[in-house]
Amino acid sequence: MQIVDELPSGWLVSPCGEQLVLFIKDPMSPDNLQKYYLDKWSAFNGNRNKFKSRRIFIENEAIKIWHELINKGWNKFEIRTHNVA
């Protein structure tokens, strides 16, 4: 399955690496009206820097935004976590 065929889930990073968006499916939304949270972050060196905003979209809107971002060169991204000893 290609990334453009996936349902929105996880992080996307902008082509310049200065922005991140997180798509989260709302586990409490009813099956007939699936909702997604879209969190926007600024980024620095591949790390989340500052939370910017959160919006809620119904599934078809979230899919449309996901595809638009992918078509503009955004890529899936795994957030690096730091282990504290």
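Predicted model: local features only at pLDDT ≥ 70, side-chain atom pairs only at ≥ 80, totals over all residues.
Trainee: Fine. Which residue in β3 stands opposite Lys25?
Mentor: Tyr36 is the one opposite Lys25. The strands β2 and β3 run antiparallel and are joined by 7 bridges.

Trainee: What's the strand order in the whole sheet?
Mentor: The order is β4-β3-β2-β1-β5, an open sheet of 5 strands with antiparallel pairing. β4 (47–58) and β5 (75–77) are the edge strands, each pairing on one side only. From one strand to the next, the twist averages 30 degrees.

Trainee: And what packs on that sheet?
Mentor: Helix α1, residues 59–71, packs on the sheet. The helix touches β1 (10–13), β2 (19–25), β3, β4 and β5, and its direction makes about 135 degrees with that of β4.

Trainee: Back to β3 and β4. How many bridges there?
Mentor: β3 (residues 35–44) and β4 pair over 10 bridges, in the antiparallel sense. Among the partners, Trp41 is bridged to Phe51, Ser42 to Lys50, and Lys40 stands opposite Ser53.

Trainee: Switching topic. Which residues make up the largest nonpolar core?
Mentor: There are 11 residues in all: Leu12, Val21, Phe23, Tyr36, Leu38, Phe57, Ala62, Trp66, Leu69, Ile70 and Trp74. The elements giving two or more residues to this core are β2, β3 and α1. α1 gives the most, with 4 residues.

Trainee: Where does the second core come in, and what is in it?
Mentor: The second core is separate and has 8 residues, including Trp11, Leu22, Trp41 and Ile79. As a general matter, nonpolar side chains tend to be buried together in soluble globular proteins.

Trainee: Which side chain does the Asp39 side chain make a polar contact with?
Mentor: The side chain of Arg54, at 2.6 Å. Not counting residues up to four places away in sequence, Asp39 touches Leu20, Val21, Leu22, Ile24, Phe51, Ser53 and Arg54.

Trainee: Last topic, rings. How many aromatic pairs are there?
Mentor: A search of the whole structure finds 3. In one of them, the ring centres of Phe23 and Trp66 are 5.2 Å apart.

Trainee: Why is that pair of Phe23 and Trp66 called edge-to-face?
Mentor: Because their planes are at 85 degrees, and planes over 60 degrees apart count as edge-to-face. The pair links distant parts of the chain, 43 residues apart, with Phe23 in strand β2 and Trp66 in helix α1. Both residues are buried.

Trainee: Which rings form a cluster?
Mentor: Trp11, Trp41 and Phe51 are linked into a cluster by ring pairs.

How values were computed:
Residues numbered from 1 in each chain as written. Heavy atoms only, no water. Pairing = 2+ DSSP bridges. Axes fitted to C-alpha atoms, helices over the stretch in contact; angles between N-to-C directions. Contact = heavy atoms within 4.5 Å. Core = buried A, V, L, I, M, F, W, Y, C linked by side-chain atoms within 4.5 Å. Buried < 20%, exposed > 50% of the residue type's maximum accessible area, 1.4 Å probe, protein only. Polar contact = N/O pair within 3.5 Å; in protein donor to acceptor, adjacent residues only side chain to side chain. Phe/Tyr/Trp six-rings, centres within 6.5 Å; stacked < 30°, edge-to-face > 60°.
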